[in-house]
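Me: I have a structure open and would like to learn how to read it. Could you take me through a few features?

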Amino acid sequence: MNPTDIGVPDNLLPMPRRTRHEQQAEVEAIFTSIGDGAITTDEFGRITRVNPAAQELLGYSEAELLGEWFPKKIVAVTSDNQPINLMDRPITKAFLTGRPVAEKTYYRRKNGEVIALAINVSSILLNGKPLGAIEVFRDITFEQEVDRMKSEFISLASHQLRTPLSAIKTYTHMLIDGFMGELNPDQKKSLRTVIRATDRMNELISILLNVTRLESGNIDSTPKVVQMDKIAAEIIHELELMANGKSINLSMRVKGKDSTSLKTDSLVVKEILTNLVSNAVKYTPESGNVQIVVKPRKASILVEVIDSGWGIPKAAQEQIFSKFFRAQNIVKRETTGTGLGLYLVKGLIDALGGKIWFYSQEGKGTTFSFSLPRSLHPKVRQGKISK
Amino acid sequence: MSSILIVEDDRDLNKAYSTILNREGYKVETAFDGQEALEKLKNFEPDLILLDLLMPVMGGLEFLQHWNLRNKQKSDVKVLIFTNMENSPEVTEAYKLGAHRCIIKSWTAPHNLAHVVNDTLQTKSGKTKSSKTSKTKA
C-alpha cells in the first residue's frame, strides 16, 4: 500500500535515526506512562528509577526510593504480613538465574498496609553482563477478591446441587431395598439406572468444581507437614465402601522404614489420591485388586496406585492426560466418566511441583506412579500455581 | 439399644436417615440445625451424632465448638460427619473438633449408612450395643 493512501505525508518517510538524547527521552516517557508500577535497579540492587504508578502503589515518593537497596526498602511479605526470605523474592531469583521471573507476591506499603501484586522481573543485560533489573508490578487485590468470591460461589453451588441429588439417591435406594414394599426385578433395574445417573451427576459436579479451581490457579496453597501413609489410609477408609460394592480388595503398604512425611497441601494430595484410587476401582473388574504403595525417597515421596484392571490400550496412552479424553475400551464398558479426572490429577501434581507417569498393559492392569517433593515447590510456596 | 441424634437441615434426608436407622434398630432423635441439636442434647445423650456441616441457624462446626465447651471434651459420644463437602477445610476442622469419621452423603447408600454407623459405634468404645450383627444389612 502506498503511504499516501492512508494519509501519511511522503515527507515523513523514511524515519530518521534517533539521537541518543531522543532515545533517552523516549524511554523516560515510556517508563513514566506505564500504568503498572515499574522500578529499575543497578547491578547491586539499588533503585535507579521509579515511575509514578509505583510511587502510588507503594506510598513512597521518588526521593524516598532512589538510591535505596530494593530488597530492604520494599519489604515483600506473605499474605499474613510475615517477611519473605530474600532468596525467595522474585528480584533475587531474576538476578541469580538471569531469566525473567513472573510471580504473585505481597508488598508492605509505607503505611504498613499489605497489597497483593503480580510481578514481572527481568535482568537488564548488556553483552551478557548484568546492568541491573526492571520490576513491573500491578495491584491484584480486586482480582483476588473476585477469585475468592468465585470459589466460594462454586463451592456453595456444588453443595446445593448435591443435596437434592443425595435425596434422589437415598430414596431410590430405599425403594430398591424394599422400605416402601417389595418391587419386581424390572422396577429395581430401572431404579438402578436412576442411581447410576445420579452418581454420574455427582461425579460431574465434583470434577467440574475442581477443574474450575485448578484453571483459575486458585487452589489454596497452605503447606503443612503431613504423612503420606496416613493420607493413603484415610483415602482407603473413604473408598472402601465403593470397593466393597465390586468385591475389590483395596489395600495399602509402605515400602521401607523411612518417614513418609512431606510439607505440602494435604487437601490437594487427597484430591489426587482420591481420583487415582476411585479410577482404579472403577476400571477394575469385580473381585480384582487395587493397592496403594508409598515409597519414601530422600527428597521426595513416591506413590503407586496399582490395579488389576482393564488397562489402557497402547494407542490411547499418549492422550490419557488430555481434557475430556476417554479410552475406547473403557467407553464400551463404563458409560459414566467425564474424561476430566486424569487431566485434573496431572494439573494438581504439576501445581505441587511433582511428576506423574504410568505403566499399563491392556487386560492386565495399570500402575500410576507420582512423586511429590518433600518440600513444596517454591513457585507454589508464594501462592503462584503454575499450570 | 444404641441411640442416634440426626442433625440435618434437609427435611427429606433427615426423614430418610431416620427411617433407615429406625429400621436397623436404633433409637433415633432428629434436629434440623446445630442450635436445635444443642437443645435436644440437654435431655438426650445419644451414642452417636450424625452431623451435617452446612446448615442454617448453626452449622456443624459451630455446633461442635459449643458442644465441646459444654462437655469439656469429656464426652464419649461418637460424631459422624455426613456431608457433601469432600476434601474441604471444613472437614479437616471437624476432625480437629473431635469428629470420628466423615462420610460423603452422595456416595453412601442406605445399607452403607447403617454399616458405617455401626462401625463407628464400635471403634474404641467401651459401650456395648445390642444385637450388632442383626443391625447391619448385607
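Me: Which residue is the bridge partner of Ile81(B) in E5(B)?

Reply: Cys102(B) is the partner. This is a predicted model, in which local features need pLDDT of at least 70 and side-chain atom pairs pLDDT 80 or more, while totals for chains, interfaces and linings use all residues. Residues are numbered from 1 along each chain as its sequence is written, with chains lettered from A and ligands numbered from 1 in the order written. Strands (E, at least two residues) and helices (H or I, at least four) are DSSP runs, numbered from the N terminus. Strands pair if DSSP finds at least two bridges between them; E4(B), residues 78–83, and E5(B) pair in the parallel sense over four.

Me: What is the strand order of the open sheet in chain B?

Reply: The order is E2-E1-E3-E4-E5, with parallel pairing. E2 (27–31) and E5 (101–104) of chain B are at the edges with a single partner strand each, so one side of each lacks a neighbour in the sheet.

Me: How do I read two packed helices?

Reply: They are described by the angle between their axes and the distance between the axes. Axes are lines fitted to C-alpha atoms, for helices over the stretch in contact, with angles from 0 to 180 degrees between N-to-C directions. Here, the axes of H9(A), residues 266–282, and H11(A), residues 341–351, come within 10 Å and cross at roughly 150 degrees. That makes H9(A) roughly antiparallel to H11(A) (over 145 degrees; under 35 is roughly parallel, 65 to 115 roughly perpendicular, the rest oblique).
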